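Visitor: Hi, could you walk me through this one? I'd like to ask a few quick things as we go.
Guide: Happy to, here it is.

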Amino acid sequence: MLEVEHIDAGYGSTVILQDVSLRVDTGEVVTIVGANGAGKTTTLRCIAGLLQPRSGRIRLDGQDITELAAHDIVDLGITLIPEGRQLFPDMTVRENLMMGAYRREARACQSQSLSEVLDLFPRLAERLDQPAVSLSGGEQQMVAIARGMMARPKILMFDEPSLGLAPIIVSQVFEVIEQVAASGTTVLIVEQNVFHTLKVADRGYVLENGRMTLEDSAAALLADDHVRQAYLGI
Amino acid sequence: MEIFLQILANGVMLGGLFAIVAIGLTLIFGIVKVINFAHGEFLMVGMYLTFLLTTGLDLHPYIAAAAVVPALFVLGALTQRFLIQPLLSARDEHVQIFATVGLSTALMNLALLIFGADIANTPVHGVRSQVQLGPVRVLEGQIWILVAAVALVIGLQFFMKRTTLGRAIRATAQNRAAAQLMGINDRLIYVLTFGIGAACVGLGSALIAPLYPASPTVGTYFVLIAFVVVVLGGLGSVAGAFFGAILIGIVDAMSGFYIGSDLREAVVFGIFLVILILKPSGLFSTRLNQSHVSP
């Protein structure tokens, strides 16, 4: 479904990604694990169209999307839930969620999507008319995830969804990711919480210093000596 | 007392005029984050267009607004698309400000070339007739300017809160990268917003033209006051700009009468400086249109 082929990317004179390739098939949950600064977020930004790779191609269902603008990529069905939530602070929770359904295909079923995400996050139903900035960190992360789901994407990408959250909320976030996957949405997830992520993923890639060093099934990666030492601390 | 009320009324009417010039300026600043130094020249262009339409086609200036407003929308949209947008990637964002200063000078000299330095009087079509409102008398045209300014403030609030495009504009102002991730075409939003801001001053220009003669430099005075009003109202706040404009209008009229008409501007700018020192964020500042985080 999604193919990233040999991309190089960076900011200014800094090179972040070198010859990164990955593939996500329909219905899969795929994860990229790696240390801080390995280039995980940069990879997602390239796919989302926020950053233009210097070389290499990105394809969705065979169509070359490398040079498309971010909003065109959203229209094609790829949505990124960015790191650090990135809500619209002075909009209400309801307005934030509605912005998620801005994509033309999602706009028609706005109210249906809204009741679906509120079923998943009942807490947000009580907060609908509060400004997003007044919510706690965990609640804001829920808004960010719900907002991403409102777009009804084919591929939903999560960038560090558990970063900075209390352990009990982290478990909730992973439950939601499992439910998203169970509903048939393809998921690409980047996380520092490697153990939790590999538990919900089908396949995984290991990204180290801007290069893909390992690719395997999630179960095999959980058993891999290098992964266990470097990322699981076992 | 009657004189006081009359001066107060004059001030409110003057404030309405300042408001209708300032609303577009604060809108563009709040959303696109560009200080448009050519805003006064947009007013000037609109006034000359009104002059041409009223003298050439013998239209009422308010009818001419139906053509001037869309024309100014196009002028604003083109400015953003072909002048500001190419500079977005410039290393120093102040380049955009100098670009609008350049546009301002270019438009002023273009007007000088076409129309000469003489003033151009738009036919008044009765809007200079006096209206008795209780104890005070004002010009009919002044009332329409105030009504239009109020309608513009309310209309823009409604547009921003209730329409899909309005929400997309607010979202882009609050977090541009996140807006892109929602599928919003941020560049198009900026082009449209610049157009809307210019269209607002276009409406103002058609209403002001029958009251004030057009000249190549007519925008300079109005826009200077408009900047004061925009800062007072809290940068980017449309309602704040309106109340700031009314306040400055009243101060202007009062000081002109009670202190001396030569000192009006000294008082206005003196008060402006005092407020800047005491409350730099503006009298009516809101966070509504401020940008916060962008990755």
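Visitor: Which residue forms a salt bridge with Arg176(B)?
Guide: That partner is Asp186(B), and the closest N and O atoms are 2.7 Å apart. Bear in mind that this is a predicted model.

Visitor: Which parts of the chain does that pair tie together?
Guide: Arg176(B) sits in helix 7 of chain B and Asp186(B) in helix 8 of chain B, so the bridge links parts 10 residues apart in sequence.

Visitor: And Asp186(B), buried or exposed?
Guide: Asp186(B) counts as buried because its relative accessibility is 5%. Arg176(B) is partly exposed, at 28%.

Visitor: How many salt bridges are there over all chains?
Guide: By the rule used here, 17. One of them joins Asp129(A) and Arg94(A), at 3.4 Å from N to O. Asp129(A) is in the loop between helix 6 and helix 7 of chain A, while Arg94(A) is in helix 3, so this pair ties together parts 35 residues apart in sequence. Asp129(A) is exposed, with a relative accessible area of 55%, and Arg94(A) is partly exposed at 33%.

Visitor: Which residues are linked in a network of salt bridges?
Guide: In chain A, Arg23(A), Asp25(A), Glu28(A), Arg203(A) and Glu215(A) are linked that way.

Visitor: Switching to the interface: how many residues of chain B are in contact with chain A?
Guide: 23 residues of chain B, which meet 22 residues of chain A. The buried area is about 2,100 Å², and carbon and sulfur atoms give 63% of that. Gln174(B), Leu181(B) and Met182(B) supply 34% of the area that chain B buries there, more than any other three residues.

Visitor: What about charges, how many salt bridges cross the interface of chain B and chain A?
Guide: The rule finds one. Glu95(A) pairs with Arg170(B), with the closest N and O atoms 3.0 Å apart.

Visitor: Which element gives the largest share of chain B's side?
Guide: Helix 6 of chain B, with six residues. Sorted by type, the residues on that side are 11 nonpolar, eight polar and four charged.

Visitor: Back inside chain B, where does Ser255(B) lie?
Guide: Ser255(B) is in helix 10 of chain B, and it counts as buried at 3% relative accessibility. A polar atom of the Ser255(B) side chain lies 2.7 Å from the backbone oxygen of Val251(B) and 3.2 Å from the backbone oxygen of Asp252(B). Leaving out residues up to four places away in sequence, Ser255(B) touches Gly260(B), Arg264(B) and Val267(B).

Visitor: What does Asp252(B) meet in a salt bridge?
Guide: Asp252(B) meets Arg264(B), at 2.7 Å from N to O. Asp252(B) is in helix 10 and Arg264(B) in helix 11 of chain B, so the pair ties together parts 12 residues apart in sequence. Asp252(B) is buried at 2%, whereas Arg264(B) is partly exposed at 25%.

Visitor: Last one, backbone angles: what is phi of Glu160(A)?
Guide: Near 50°, a positive value in a residue other than glycine. Most residues other than glycine have a negative phi. Glu160(A) is in the loop between strand 7 and helix 8 of chain A and is buried, at 4%. Asn209(A) also has phi near 50°, but Asn209(A) is exposed, with a relative accessible area of 70%.

Conventions: Residues are numbered from 1 along each chain as its sequence is written. Chains are lettered from A and ligands numbered from 1 in the order in which they are written. This is a predicted model: local features need pLDDT of at least 70, side-chain atom pairs count only at pLDDT 80 or more; totals for chains, interfaces and linings use all residues. Side-chain values use heavy atoms; hydrogens and water are left out. Contact means heavy atoms within 4.5 Å. Buried area is the accessible area (1.4 Å probe) that two parts lose on being put together, summed over both. A salt bridge is a side-chain nitrogen of Lys or Arg within 4 Å of a carboxyl oxygen of Asp or Glu. Helices (H or I, at least four residues) and strands (E, at least two) are DSSP runs, numbered from the N terminus. Ala, Val, Leu, Ile, Met, Phe, Trp, Tyr, Cys and Pro count as nonpolar, Asp, Glu, Lys and Arg as charged, and the others, Gly among them, as polar. Buried means under 20% relative accessible area, exposed over 50%, partly exposed in between (1.4 Å probe, protein chains only). A polar contact is a pair of N or O atoms within 3.5 Å; within protein, one must be able to donate a hydrogen and the other to accept it, and residues adjacent in sequence count only if both atoms are side-chain atoms.
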